Amino acid sequence: MTRYQHLASLLAERIEQGLYRSGERLPSVRSLSSEHGVSISTVQQAYHLLEDRQLISPQPRSGYFVTQRKAQPPVPQLTRPVQRPVEITQWDAVLEQLTAREEREMVALGSGNADVTQPTIKPLWRELGRIAQYQEPELLGYDSVYGMRALRQQISRLMLDSGCVVSSDDILITNGCHEALSIAIRAVCEPGDIVAVESPSFHGTMQMLRAFGIKVVEIPTDSVTGISVEALELALEQWPIKAVILVPSCNNPLGFIMPEERKRAVFCLAQRFDIAIIEDDVYGEMAYEYPRPMAIKSLDIDGRVLLCSSFSKTLAPGLRVGWIIPGRYLDRALHMKYIGTGSTGTLAQYAVAEFIRNGHYHRHLRRMRQIYQRNLEVFTCRVRQYFPCGICVSRPQGGFIMWVELPENIDLVPICCALREEGIHLVAGSLLSASGKYRNCLRLNYALPVDAALEAALRKTGEALGHVLENT
């Protein structure tokens, strides 16, 4: 953090703790400058940042005061899905949500897109331009089914931060994390099998399971600590589950980072019942705290964890560059890769490998973590301002996805359809459930800063939610 960001964070923490109460006058710029040994301009920048977050407000000739605010909404409680094998539905709704990407004027509050506008991504553009300029013929040829070795070597180095020691020969490059998950599922499951998933869960994974004829047992999940180990154990005792699919670090859509002891407990269960773990780590690098969370794969002593990830959330989804570390399922994964896409495009692989090798990737990650954490604070303030009382809001520990929960008797699916007609794209929680639960929930994206269009969309959404609560 810069000095002004650090000071703003300190003051925000004092406000949240009640040391500066609602409506109370804050210390003067000069007194804070003296207290913290920083310049007056640093204090002014910190106050401007807190003003943007609507934590404080200026009053002419009087100074800055803590803004009168609604109380912080509670976090969602442990989810309660149907705990028996079910066939997945929701494809029509998912397809409708995907078509919203084509509508350029749509305010995408419900998307999973990262911010690709930051200056730290410019070296990637330069590398892509250099490739085009020098026209190297080998980059237009077929690649190995494993993927480009130079990129696999860079990924093996990146994985050290998550506690994983893997060689480049353990890694397969894929067309994004989507293909990596598809390969992982087909490598360990057959049609008619049963898998366990967190609930709610990523709708893309759900639709893969549906396409492969696999049933799902949804496991209760806490918005702070992740999947219930006790409920997972009970499901494993009751049903012939082949694998469990998890997003344990910066979860989509709840935003939690599963504590290490819970990750170890899940791995021990997998060993005890001899099942595979498919670990979706696509948001793992986006944790706000350093060092980044350990991956369950780092515990893997017998090759039962298939780790899937990509650069879609850290760099850009259009690159379509991901990877899978399939452990003891490598031969099967190679076959699934070959019959699926054969190989992955070489140009993007080469550009990303050079981007990492030249030190740009970690610089970009540091910037994006700061931006998303700052966006979260501003976005949370706007949700608190515009959305009605009586809601629960997750408190993400990384990434850029937030979960909003209304009372269970509220149906937000028709509200999402109505707001889409007004140019606002939302994702109802039912898309993230095998059985169509969570119709009273929303997934929100806070990757982009709150500008006038986004603020207007949040205000309209809050008004619609308030209206439906009043009439229920």
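Reply: C308 has I324 as its bridge partner in β11. This pair belongs to the contact between β10 and β11 (residues 322–325), two strands that run antiparallel and are joined by four bridges. In this predicted model, both strands are part of an open sheet of eight strands with mixed pairing, in the order β4-β11-β10-β9-β8-β5-β6-β7. Its edges are β4 (172–174) and β7 (226–227), each of which pairs on one side only.

The packing can be followed from F311. Beyond its neighbours within four places in sequence, F311 is in contact with L151, I155, L158, A316, V321, W323, V352, I356 and Y361. F311 is also one of three residues, with L109 and L151, that touch the most other members of the largest nonpolar core, which has 106 residues. Helix α13 (residues 360–386) supplies the largest share of this core, nine residues.

Most peptide bonds are trans, and most residues other than glycine have a negative phi. In the loop between β8 (241–246) and α10 (260–273) lies P253, and the peptide bond from N252 to P253 is cis, with omega near 20 degrees. The loop between β8 and α10 also holds C250, a residue other than glycine whose phi is positive, at about 60 degrees. C250 is buried, with a relative accessible area of 1%.

P291 is placed in the loop between β9 (276–280) and β10 (305–310). Here the peptide bond joining Y290 and P291 is cis, with omega of about 0 degrees.

A further positive phi, near 65 degrees, belongs to Y438, which is not a glycine either. Y438 sits in the loop between β15 (427–428) and β16 (441–445). With a relative accessible area of 9%, Y438 counts as buried because the limit for that class is under 20%.

Conventions:
Residues numbered from 1 in each chain as written. Predicted model: local features only at pLDDT ≥ 70, side-chain atom pairs only at ≥ 80, totals over all residues. Heavy atoms only, no water. Buried < 20%, exposed > 50% of the residue type's maximum accessible area, 1.4 Å probe, protein only. Core = buried A, V, L, I, M, F, W, Y, C linked by side-chain atoms within 4.5 Å. Contact = heavy atoms within 4.5 Å. Pairing = 2+ DSSP bridges.
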